[in-house]
Amino acid sequence: SDVKIHMGFYRHYESIGPEMVKEVVNLFQQYPDYLVYVTGHSLGGAMAAHATLQLALAGIPSKKLVGYTFGQPRVGMTGFQREFDSRVTQFYRVVNDRDVVVHLPSRKLGFRHVGEELWFSSNLSAAQRRKLNALNKASNNESPEAILQNNTIELSGLMDMCSHTLPTFKLNVVDHLLYSDRVTGKRRLRGEKPPKNPVKPDGRIQLVSESFMNESLDPYANVLIFLYRDPAFSAPAGIKVRAINKQPLKDLQAYINSITDTNSPLVFFKLVQMNASKNDCPYPYLPDPDTDMTIYFKPAGPHMTYAYHPIKYEGSYEFEELKSFVELHCKEPDWGYVSACGRKPPVSLGKSDAL
């Protein structure tokens, strides 16, 4: 048979799938007029695809079976795609702009997507976004079919093209983490454009949405992440507001620049900052709703526990306390891990390279 699947995704499904399918089929037999919806995000989307097919094979009619996934990776090859699409006629994959996960595993390995793609791209105009947001708010009690049928907006940014048309270098992780907020209109569809010179003269790095994950999860570096809200962003027109004070950060960067001991883990340090009023911040790097600034720290090395559960700074916004905090948590990169990931450690990583 040419029906081949990704066994990792299928084994996750198998851990709960058969019992779930049995229960849903029993419920459908009791309520045959009801529609059966299957949904999931990321790995849950892959499991939802397998669940939808198994429900179809278990006898639920295609007109009663609807699937919606968000950020779903590819789960099978061409044969699986053929068999799936011949049995499931209402399966929709929502793709958020430049989400990298939906492009995995690679088509070059033979993997193919199933169902119909709905690409929520950043090509939507401001007017289209406002109408979509209004539609979302007004349709909380409607079925997904009614939402689509009642939507008379020209969704050129949502369904006109396939996300596969994006060049690989534009894909990112942050779009994979913001489906709920973006689909419901709570977040912008994109952040600021990358600055031409993101590295400031003293070494601080200015981030935007699309560069946030690459810089903040860098295994080479201890990363201090400074998120700030732009007071001018929400101020009435014509009203002058005081800019965020970044002097403690500048003093911290100057201190780092002054370090001459190349054995100190502080040479593997970078300070990044991002305007949270104009860019998306993925969970768990969210700005505090009640303050103008939030600071996180991600130690160097793999330490994925820290990458996805960063250390939040709770001290005062003063140079000495920031310095003590950084010195306490800085670690030397795990060069063995970096090499195993296909990245070679530098022969000599001095301050200029690290910063």
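Accessible areas are those given by the Shrake-Rupley method with a 1.4 Å probe.

**Figure 1. Overview of the predicted model.** The structure shown is a predicted model. The protein exposes about 18,700 Å², of which carbon and sulfur atoms supply 53%. Its secondary structure comprises 13 helices and 11 strands. Of the 355 residues in the protein, 45% are buried. Among contacts with a separation of 6 or more, 78% are between residues 24 or more positions apart.

Figure 2. Side chains alternate along strand E1, which spans residues 36-41. Six bridges pair E1 with strand E2 (residues 65-70) in the parallel sense. Within this pairing, Val 66 in E2 is the bridge partner of Tyr 37. From E1 the chain passes through helix H2 (residues 43-57) to reach E2, and this β-α-β crossover is right-handed.

**Figure 3. The buried side of helix H3.** In helix H3 (residues 78-87), the buried residues are Gly 79, Phe 80 and Phe 84. These residues lie on the same side of H3 because they cover an arc of only 125° around the axis. An α-helix has 3.6 residues a turn, so residues three or four places apart point the same way. The cover over the buried residues of H3 includes helix H2, strand E3 (76-77) and strand E4 (91-96).

**Figure 4. A salt-bridge network that includes Arg 82 and Glu 83.** Salt bridges link Asp 2, Arg 82, Glu 83 and Arg 87 in a network. The side chains of Arg 82 and Glu 83 meet in a salt bridge with an N to O distance of 3.1 Å. Glu 83 counts as partly exposed because its relative accessibility is 23%. Arg 82 is likewise partly exposed, with a relative accessible area of 41%. The count of salt bridges in the model comes to nine.

**Figure 5. The salt bridge between Glu 117 and Arg 93.** The closest N and O atoms of Glu 117 and Arg 93 are 3.4 Å apart, and the two residues form a salt bridge. This pair links distant parts of the chain, with Glu 117 in strand E6 (residues 116-120) and Arg 93 in strand E4, 24 residues apart. Both Glu 117 and Arg 93 are buried.

**Figure 6. The salt bridge between Arg 204 and Asp 202.** Arg 204 and Asp 202 form a salt bridge in which the closest N and O atoms are 2.8 Å apart. The cut-off for a buried residue is under 20% relative accessible area. Arg 204 counts as buried because its relative accessibility is 6%. Asp 202, at 22% relative accessibility, counts as partly exposed.

**Figure 7. Strand E8 and its two partner strands.** Seven of the seven residues of strand E8 (residues 222-228) are buried, so E8 is largely enclosed by the rest of the structure. Asn 222, Leu 224, Phe 226 and Tyr 228 point one way from E8, while Val 223, Ile 225 and Leu 227 point the other way. E8 runs parallel to strand E9 (residues 269-275), to which seven bridges join it. In E9, Leu 271 stands opposite Leu 224. With strand E10 (residues 293-298), E8 pairs in the antiparallel sense over six bridges. Thr 294 in E10 stands opposite Leu 227.

Definitions and conventions:
Residues are numbered from 1 along each chain as its sequence is written. This is a predicted model: local features need pLDDT of at least 70, side-chain atom pairs count only at pLDDT 80 or more; totals for chains, interfaces and linings use all residues. Side-chain values use heavy atoms; hydrogens and water are left out. Buried means under 20% relative accessible area, exposed over 50%, partly exposed in between (1.4 Å probe, protein chains only). Helices (H or I, at least four residues) and strands (E, at least two) are DSSP runs, numbered from the N terminus. Two strands pair if DSSP finds at least two bridges between them. A crossover is right-handed if, with the strands pointing away from the viewer, the path from the first strand over the helix to the second runs clockwise. The arc is that of the directions from the helix axis to the C-beta atoms. Contact means heavy atoms within 4.5 Å. A salt bridge is a side-chain nitrogen of Lys or Arg within 4 Å of a carboxyl oxygen of Asp or Glu.
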